[in-house]
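Have the structure open as you read.

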Amino acid sequence: MKDVRILFVLSGFPLRFGMSGEKLKQRLVNCFLKVIYPTLAVANLSSLSSLPAAERSQRETPLQSKRATVEAWLTREASTLQKYRLDLAEQHQKTLALLRKQQTLILDEELIQWKRRQQLAGNGGQHEGGLDILQSWCEKLADLIWQNRQQIRRCEHLTQQLPLPGPMEELLRKLNADITDVISALVTSTFIIEKQPPQVLKTQTKFAATVRLLVGGKLNVHMSPPQVKAAIVSEQQAKALVKNESTNSESSGEILNNNCVMEYHQATGTLSAHFRNMSLKRIKRSDRRGAESVTEEKFTILFESQFSVGGNELGFHVKTMSLPVVVIVHGSQDNNATATVLWDNAFAEPGRVPFVVPDKVKWPQICEALDMKYKAEMHTTRGLTEENLVFLAQKAFTSSSNNPEDYHNMTVSWAQFNRENLPGRSFTFWQWFDGVVELMKKHLKPHWNDGAILGFVNKQQAQDMLMSKPNGTFLLRFSDSEIGGITIAWSRFFPECRLVWNLLPYTTKDFSIRSLADRISDLNHLVYLYPDRPKDEVFAKYYTPPLSKAVDGYVKPEIKQVVPDGDNILDTDAEFELDYPMDVARHVEELLRRPAVNQWSSQQ
């Protein structure tokens with residue numbers, strides 16, 4: 001029977017499933033006439049030896065002719081079949097090339113761009129966008145790859161049933177290996193982190209993350225839901241994992257609740273694992289290099305899982321690493337840890353060795369990162385202006401130039417950004433900037449959005465701006481000398497001179513006692529917000545309403561800010577030179593808030 005099936009194939013009349021009775025009958029007749037009958041005739045040659053010589057000679061000639069005919073036909077058909085097989089293999093190779101091209105487009109462009117947007121979102125960039133479209137592309141690609149793999153495996157099976165001399169078996173083996181590599185790359189690359197863990201991770205604090213397999217539904221991985229495990233690994237271990245090298249230990253710390261089963265959501269077709277209550281119990285730090293602090297040390301959360309597809313036909317061990325994580329043990333470390341994360345998110349290049357970032361970057365790149373962070377923290381579209389960025393450049397480079405072009409080709413090192421203190425200060429550039437952001441987002445966001453706060457103006461600039469303005473004109477600027485401080489600078493004219501005074505900076509602690517708007521309302525010295533807006537027009541909507549009448553015989557105390565009159569502050573015996581009004585302002589600065597503090601203390 002096996003020989004008969006082979007003859008059917010060679011005859012060019014293969015039997016098909018679902019063939020009707022009449023068609024099947026006709027195909028059997030054709031095959032019999034074309035192959036089986038001549039073949040049976042050729043078989044009769046072996047029985048001629050028992051016949052007399054004359055009769056044997058008479059019968060042998062036509063039988064040998066038929067035998068030659070059959071052999072020639074078999075050779076021709078085998079050659080044709082081999083050609084068809086090679087043509088099919090060539091078509092599979094072309095299809096494989098197209099599938100690789102499409103996979104490169106999806107994985108190396110679209111998915112990489114999504115991951116880059118996700119990274120920038122850690123600095124406040126635009127949301128990375130949903131994964132649904134990407135998943136649909138990956139699923140369609142997985143379907144096509146799997147179908148082609150099944151076709152190649154079917155060709156291998158047929159070739160084994162009827163082997164023919166030639167390169168076909170080797171070609172099919174290579175095609176099978178190549179298409180398996182393609183599907184493997186797709187599966188491993190689409191095991192991704194949909195929701196990143198926090199990049200500044202405090203020990204003993206709960207955190208969450210979500211891992212997703214984009215092709216899990218299409219490949220029916222959910223039929224036997226795999227488990228995902230999370231572990232924290234060091235930068236050195238991450239480098240070894242990328243190189244497929246074994247690491248010295250499984251993790252660099254202990255994460256509680258670090259196992260989760262992937263769940264399939266029928267409505268969305270997504271297969272994901274939601275880690276909701278993880279917490280880092282302990283961390284093992286490595287030896288640090290030089291001036292590197294604990295807030296510069298990077299870790300990553302490694303997620304891994306194992307599963308099979310196609311009825312255990314292919315097995316996978318998939319891994320994916322989170323964005324870099326900085327581990328802290330106290331809130332006071334948050335500021336410096338955030339700087340490490342911001343620098344990494346802003347300047348990391350795709351495909352880098354974990355977690356290499358440039359030590360120096362151009363100033364415009366710093367500006368872009370700072371503006372993105374500022375707008376995100378403030379939840380505003382009013383970002384940093386060119387004038388603001390010039391002020392920051394002057395601070396970063398200790399420069400006096402007001403020309404933005406002067407800074408375009410200048411570079412900022414990580415040490416300048418957040419390792420070395422600013423000249424004459426006890427804090428770094430980033431610490432100063434982050435202090436401003438914290439103050440603004442907690443207490444002054446509405447005033448920034450209203451355009452009431454200039455902020456990024458130094459003392460000398462404030463003096464130059466106010467000296468020509470009417471008496472009582474004021475502006476709000478960030479303190480140069482204190483982290484997270486803002487001061488009021490205002491013009492005050494005397495017969496002898498014009499002065500610009502600066503109040504001792506307010507901080508978050510001050511605004512938790514009395515708001516900026518109420519403090520401005522308290523000070524009658526302040527009349528116009530620079531350049532010429534009446535202060536009530538700008539701040540009245542934020543004033544605290546007047547206190548109600550006494551209740552149950554008690555009068556509620558009220559806090560007011562008071563600044564001594566200028567005539568009482570100036571000491572005629574002091575060694576002032578009124579030609580230098582900023583010297584007067586610096587002397588007055590220490591006295592200005594004392595009445596307010598004393599008054600607050602007396603009312604406790």
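Predicted model: local features only at pLDDT ≥ 70, side-chain atom pairs only at ≥ 80, totals over all residues.

## A pair of strands

Zooming out a bit, strand E17 covers residues 528-529 and is joined to E18 by 2 bridges. The two strands run antiparallel.

## The whole sheet

Now for the sheet these strands belong to. It's an open sheet of 5 strands, and reading across you get E16-E15-E14-E17-E18, with mixed pairing. Which strands stand at the edges? They're E16 (498-502) and E18 (533-534). Each has a single partner strand, so one side of each is left without a neighbour in the sheet.

A helix joins in too: H12 (residues 459-466) packs on the sheet. H12 touches E14 (473-478), E15 (486-493) and E16. Compare directions, and H12 makes an angle of about 165° with E14.

## Two helices crossing

Over to another spot, where helix H9 (residues 386-397) meets helix H11 (residues 429-449). Their axes come within 12 Å and cross at roughly 150°. Angles over 145 degrees count as roughly antiparallel, so that's how H9 lies relative to H11. The crossing of H9 past H11 is right-handed.

Who's touching whom? On the H9 side you'll find Asn388, Phe391, Leu392, Lys395 and Ala396, and they meet Phe429, Trp432, Phe433 and Trp448 of H11. Sort the residues of this H9 and H11 contact by type and you get 7 nonpolar, 1 polar and 1 charged.

Key. Residues numbered from 1 in each chain as written. Heavy atoms only, no water. Pairing = 2+ DSSP bridges. Helix = DSSP H or I, 4+ residues; strand = E, 2+ residues; numbered from the N terminus. Contact = heavy atoms within 4.5 Å. Axes fitted to C-alpha atoms, helices over the stretch in contact; angles between N-to-C directions. Parallel < 35°, antiparallel > 145°, perpendicular 65-115°, else oblique. Left-handed = near helix turned anticlockwise from the far one by under 90°. Nonpolar A, V, L, I, M, F, W, Y, C, P; charged D, E, K, R; others polar.
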